Amino acid sequence: MLKSSTIKLQQTAKHEWRKHEKRYYLPKNTPELVDIPEFGFYTISGEGNPNSDEFSDYIQALYAASYAVRMSPKKNMAPIAYYDYTVYPLEGVWDLSEKGRENYNGVIDKDELVFTLMIRQPDFLAEKDAIRLLDWAKQNKDAKLLSEVKYQRSQEGVCVQMMHLGSYDDEPGSFAQMEAFAKDQGLVRLSKVHREIYLNDARKTTPEKLKTVLRFKIT
């Protein structure tokens with residue numbers, strides 16, 4: 001009886017990424033190598049300054065799609081393999097426009113940023129269900145840019161990552177540490193494109209308390 005009860009608890013326990021996937025989302029504040037497998041994401045792409053008022057529209061659209069999955073049991077729309085889980089954190093892959101690259105002098109012009117924002121979806125979500133629930137959200141949710149959200153699968157592979165503590169504007173110091181670490185390992189940063197995973201809500205957190213996972217691909 002004890003054994004079967006334990007199994008039942010394991011099956012009904014809520015999957016929380018902070019507890020079960022620390023390797024991907026809670027690294028130390030020193031550089032390390034990590035191999036990131038393929039995951040499914042709701043994504044949306046854009047360009048411009050992340051401090052602009054319009055930037056929040058991208059985030060709202062992603063959360064509208066993600067909560068359509070999270071709350072699907074209440075709509076009798078849940079995928080067959082559904083289990084309770086915590087919604088994954090917001091992520092962003094960042095680059096510069098062609099103009100931004102040409103004029104780069106060591107200081108990033110945030111108006112020339114190009115980005116793809118995303119929220120990972122749980123492993124039970126098959127592509128057909130991801131598209132089905134996204135289509136439902138587009139028809140029933142009021143989010144300005146929801147029509148631009150897509151479902152995509154991607155695999156980062158081997159990367160260097162670390163936890164950055166503090167303001168987003170101080171990230172270059174952490175990237176310098178990461179690049180030095182890669183060099184010591186005989187590796188090279190593939191490009192200036194990088195990923196950020198946001199563990200705090202910047203609207204509610206003082207800059208010095210922000211926690212952001214930084215990650216870039218290596219070769």
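**Pockets and a cavity**

Fourteen residues, that is 14, line the second largest pocket, and Val93, Val193, His194, Arg195 and Lys217 sit nearest its centre. Lining residues have an atom within 4 Å of a point on a 1 Å grid over the protein atoms alone; a pocket is an open set of points with protein on both sides within 12 Å along at least five of seven lines, while in a cavity a 1.4 Å probe fits but cannot get out. This is a predicted model, where local features need pLDDT of at least 70 and side-chain atom pairs 80 or more, but totals for chains, interfaces and linings use all residues. Numbering runs from 1 along each chain as its sequence is written, and side-chain values use heavy atoms, without hydrogens or water.

**Second largest pocket**
- β3, β5 and β6 (211–217) each give two or more residues to its lining, with β3 supplying the largest share, 4 residues.
- Its volume, the space filled by probe spheres set on grid points joined across faces, edges and corners, is about 240 Å³.

**Largest pocket**
- This one holds about 1,700 Å³ of space.
- Its lining counts 48 residues, with Pro50, Trp94, Tyr168, Glu196 and Tyr198 nearest the centre.
- α4 brings the largest share of that lining, 6 residues.

**Cavity**
- There's 1 cavity of 30 Å³ or more in the structure, and the largest cavity has a volume of about 80 Å³.
- β1 gives the most to its lining, with 4 residues; strands like this are DSSP runs (E, at least two residues) and helices are too (H or I, at least four), numbered from the N terminus.
- Among the lining residues are Tyr24, Phe39, Glu91 and Arg215.
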